Amino acid sequence: MMSLQSVVLAGGGTGGHIYPLLAFADAVKRHFPHVRITALGSPKGMENELIPPTGYDLRIIPAFQLPRSINLNLLRTPDRMYKSAHAAGKILDEVQADVVVGFGGYVSVPAYLAAWRRELPIVIHEVNVPPGVANRMGMKFTKNVAVGFPSQPQQAESLRDARVVGVPLRTTLTHLDRAALRPQALYQFGLRPDLPVLFVSGGSSGARTINLAVAAAAKRLAHSGIQVLHVQGGRNDPFEVPHDLPVPYVVLPYLSDMQLGYAAADLMLCRGGAITVAETTALGVPAVYVPYPHSNQEQKRNALPVVEAGGGVLVDNSELTPEWIEQHIIPLARDRQRLAMMGAAASRYGRRDGDEALLEFVLEAVAKTR
């Protein structure tokens with residue numbers, strides 16, 4: 001195995017770009033303990049909260065929102081883009097980068113430009129269809145494109161030749177034995193071991209529709225013997241849950257130890273973000289996916305192949321009502337056999353080695369240019 005001295009990782013804005021970046025950084029560090037890892041971020045993105053606590057070196061460069069359509073004018077016009085790429089280039093030179101690995105988000109573009117000018121290998125990791133605007137632009141500079149899901153090359157022409165590597169996930173998840181951790185997780189959340197648990201989470205910022213529908217169905221769920229572990233998410237208004245329920249309904253503002261939530265869960269109710277789908281399938285958690293409606297439907301495209309493989313259920317945001325929960329989620333949460341089959345199907349679709357597979361791909365890309 002050849003060695004890496006210095007790796008620059010670019011990806012920011014949302015958790016969807018940053019979590020895979022961090023999991024990949026950990027994999028690089030495991031194999032190359034002396035490697036220098038530098039993450040590029042923008043002044044306002046979530047990377048400022050998520051990366052420094054991990055101990056990785058985060059360098060901030062100016063990043064600008066890109067127009068939705070990509071043409072070469074974009075490269076010529078903005079003086080700002082030149083400044084960003086110049087700032088990224090100075091960092092690449094300073095750390096003597098071997099490779100730039102980009103995960104998307106606006107901060108990736110100046111990194112791709114600077115690497116291209118220096119003829120450094122560029123590897124792009126993309127989890128959505130259609131690919132994000134930053135990665136679409138990066139694809140003009142490199143053929144080294146990796147994707148998170150087997151469905152992506154079929155769903156998008158631009159990803160037709162991409163390598164399917166999976167999504168890099170943190171080892172706290174990939175090494176998780178749900179059954180072994182379950183007693184501790186239930187105890188920690190104050191849940192009973194004899195009743196099914198519905199785990200509800202709309203991602204790091206939460207999902208208002210999901211929160212309100214489940215809270216409104218609290219009585220029906222409780223009277224059917226279904227416990228709820230409900231993560232409210234960061235940017236959401238609190239919701240009322242009745243106090244006199246016969247079984248536990250636990251509300252948490254935020255859950256940093258997601259592995260405990262997954263360990264407690266018999267069934268999950270969630271959005272269809274790429275990272276959520278990668279985690280539920282890697283861990284074999286049966287899920288009801290409620291894709292975020294106001295986008296180019298990428299969440300629906302993320303979740304659909306899992307549902308088609310038998311690992312989940314899909315419901316439109318507009319259809320998720322307390323009545324729908326009563327009709328569909330209650331019988332499902334109580335059907336242990338169906339849950340076991342769904343969990344096994346999700347597992348077959350998911351993979352736990354995304355970090356290692358991406359590293360292998362990056363090493364190949366670097367070897368080609370040496």
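Reader: What makes strand S8 largely enclosed by the rest of the structure?

Author: In this predicted model, five of the five residues of S8, residues 197-201, are buried, so the strand is largely enclosed by the rest of the structure.

Reader: Which residues of S8 cover each side?

Author: Val-197, Phe-199 and Ser-201 lie on one side, Leu-198 and Val-200 on the other, and all are buried. In a regular strand, side chains alternate between the two faces of the sheet.

Reader: How do you know that S8 and S9 pair?

Author: Pairing takes at least two bridges. S8 and S9 (residues 227-231) have five, in the parallel sense, and Phe-199 stands opposite Leu-229 there.

Reader: What makes S8 and S11 a pair?

Author: Again the cut-off is at least two bridges. S8 and S11 (residues 267-270) have four, also parallel, with Ser-201 opposite Cys-270.

Reader: Why is Gly-15 called buried?

Author: Buried means under 20% relative accessible area. Gly-15 has 7%, so Gly-15 counts as buried. Gly-15 belongs to helix H1, residues 15-31. Beyond its neighbours within four places in sequence, Gly-15 is in contact with Pro-20, Met-46, Leu-50 and Ile-275.

Reader: Where are Gly-15 and Arg-170 listed together?

Author: An unreviewed UniProt entry lists residues for "binding site", including Gly-15 and Arg-170.

Conventions: Residues are numbered from 1 along each chain as its sequence is written. This is a predicted model: local features need pLDDT of at least 70, side-chain atom pairs count only at pLDDT 80 or more; totals for chains, interfaces and linings use all residues. Side-chain values use heavy atoms; hydrogens and water are left out. Buried means under 20% relative accessible area, exposed over 50%, partly exposed in between (1.4 Å probe, protein chains only). Helices (H or I, at least four residues) and strands (E, at least two) are DSSP runs, numbered from the N terminus. UniProt positions are given in the numbering used here, feature names are shortened, and annotations may be inferred rather than shown by experiment. Contact means heavy atoms within 4.5 Å.
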